[in-house]
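This report walks through one protein chain, from its overall make-up to single residues. Keep the structure open while reading.

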Amino acid sequence: MEASYFTELFSAVIRELVEWRNWVVGVLLAVTFTVLGVGFFWPERYETSAMLYADVTNIIQPLLKGRAEVTAIDRSEQAREQIYTRKIMLKVANDMGMIGPLTTVEEQEGQIAALRDSVEIKNEGKNYFRVIYSNQDQDASFNVLNAVVDSFITDTSEKRRQESRSAYEFIEQQVVTYKRQLLLAEKLLKEFKSKNLDGDERSVSARINQLRLQIEELKLTIGETDAREKSLREQMKSESEYLSAKSKVDEEKARLNLLKERLDILRLSYQETYPDIVTLKQQISAQELIIDAMKGSDYRSGNSSSDSVENPLYEELRKQQAQAEVDLRSQKNRLASVQRMLKEEYLRAERIASKDAELAELVRDYDVTRDIYEEMLGRKEKARLSMTLDVEGQGINFKIQEPAVYPLYPSGIRFIHFVLAAPLVGLLAAIGIVVFYVLVDPRLRSPAQLTDSLPANVELLVVVPHIRTRLTARLVRVDMLVLSFVCLVAAGLYAGLVWGRLNGYL
């Protein structure tokens, strides 16, 4: 848009203001006094606030760190939830006389709802929050806020003590319950161990290994004894039970030489203390005695062949063979006994393996119950210390950081604001109506509008200005004087009303 358009619009508005001067003044005065009247009846509210601080530090807390836990309470959010509860609102209403003995339930709920709507909680930072209350009465605003703060602090302290005591009593009951479970688990474990005396897998394994070694040693011993018994049996076959007297000396010498040869052969492999060597030495000594006895006797080579004597070597071999058989039988019996014991150990190992699952379950139940019981004992002590802290007031305490101040001036929009805004609103309303009228009026008020509306081949030749006569000018001056007088009177009335209202006369 061109600048001439706004200039012409401004001129048109001025002309309409002059043309409708009576209505403009009337609208101005009507709107002004209407706004002032609203200010007369506008309710003024007095706001009172107090800042609270949640004190979580104390001298005892560092000493009991990790052993006692202070009851945790959220700051502004918890304060909002607790202050808005019916319990505190009802207590404040009773203390301030808002609710009496004859108040109905509906009226009580209405008073509580109104009180809750008038209380506001604002978070002011870490551990700080502000409680705000507004009311039309200064005394009520101040007294109600103090009552709300006092009720909140008292209720918080009582709730904290109650929660600590409830937690301590609950944990104490759990400790008693787990103690009974622990005693029952110990009893079951003792009964199981008293009924199952087979030992453990380690002892059974050691016993099985020991028996296996014994079996291997017995098998080796049995093999040696059996070989010795067979050797003695072969020697007995080569010896005769009786010896004839004919050519006895030669035969005994030949036998003596044979024994010496055997002795020499055994000495190559064994020591002198070896039983066979000792036996051969004895046999050689006995054989030499026999030969010496035979040489001094009356035996001759021509004696009868029917004469015979017992063979001492055969007797000795027979005795050794009998002893070897006895040893062999005893060793085999011992081997059978050891093998039977090994089978019994295998059966015992199976019984222990089958009982290990039950024992592991009993031990696991006992260990779990014991750990929980010990943990609950520690928690019980922490709960007791926490309860003591809360009772002594050493936990989280809500303190009044900034106490409530008696409100001297109302908050929000006051009467003085309406006084200042009323003339401005009236003037804007009157001018706004005229501007709106000019904008929506279809009549042509400027040559530019007429030129824009004409076709391109039609030109505007001349503009006839508005001409005022002397009578018209005189009437305008008279009207302006009258309107000015009316405005002065209205201004005086306006000032009187404002003065009376500010000084409390109205």
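## Contacts and overall make-up

Two residues are in contact when heavy atoms lie within 4.5 Å. On that basis, 84% of the chain's contacts with a separation of 6 or more join residues 24 or more positions apart. The model is predicted.

The chain has 506 residues, and 29% of them are buried. Its secondary structure comprises 13 helices and six strands.

## The largest nonpolar core

The largest nonpolar core holds 24 residues. Ile83, Val92, Phe129, Val131, Leu145 and Phe152 have the most contacts inside it. Several elements give two or more residues to this core: strands S1 (46–55), S2 (119–125) and S3 (128–135), and helices H3 (76–83), H4 (86–95), H5 (105–118) and H6. H6 gives the most, with seven residues. In soluble globular proteins, nonpolar side chains tend to be buried together.

What does Ile83 touch beyond its neighbours within four places in sequence? Its partners are Ile88, Met89, Val119, Ile121, Val131, Val148 and Phe152. Apart from this core lies another, of 14 residues, including Leu263, Ile277, Tyr314 and Ala324.

## Where H4 meets H5

The axes of H4 and H5 come within 10 Å and cross at roughly 100°. Angles of 65 to 115 degrees count as roughly perpendicular, so H4 and H5 are roughly perpendicular to each other.

From H4, the residues in this contact are Arg86, Met89, Leu90, Val92 and Ala93. From H5, they are Gln108, Glu109, Ile112, Leu115 and Arg116. By class, the contact divides into six nonpolar residues, one polar and three charged.

Helix H6 covers residues 138–195, and Ser141 is in it. Is Ser141 buried or exposed? Ser141 has 0% relative accessibility. The cut-off for buried is under 20%, so Ser141 counts as buried. Its side chain reaches the backbone oxygen of Tyr133 at 3.3 Å. Tyr133 is also among the contacts of Ser141 when neighbours within four places in sequence are left aside.

Not counting residues up to four places away in sequence, Asp155 touches Gln82, Lys87 and Ile88.

Ala167 is another H6 residue. Ala167 has a relative accessible area of 36%, so it is partly exposed. How many residues along the chain separate Ala167 from Arg379? They are 212 residues apart, yet their C-alpha atoms are separated by 9.9 Å.

## Val482 and Asn22

Val482 belongs to helix H13, which spans residues 470–502. With a relative accessible area of 46%, Val482 is partly exposed. Which residue is 460 residues apart from Val482 in sequence? Asn22 is, and the C-alpha atoms of Val482 and Asn22 are 9.7 Å apart in space.

Note on methods: Residues numbered from 1 in each chain as written. Predicted model: local features only at pLDDT ≥ 70, side-chain atom pairs only at ≥ 80, totals over all residues. Heavy atoms only, no water. Helix = DSSP H or I, 4+ residues; strand = E, 2+ residues; numbered from the N terminus. Buried < 20%, exposed > 50% of the residue type's maximum accessible area, 1.4 Å probe, protein only. Polar contact = N/O pair within 3.5 Å; in protein donor to acceptor, adjacent residues only side chain to side chain. Core = buried A, V, L, I, M, F, W, Y, C linked by side-chain atoms within 4.5 Å. Axes fitted to C-alpha atoms, helices over the stretch in contact; angles between N-to-C directions. Parallel < 35°, antiparallel > 145°, perpendicular 65-115°, else oblique. Nonpolar A, V, L, I, M, F, W, Y, C, P; charged D, E, K, R; others polar.
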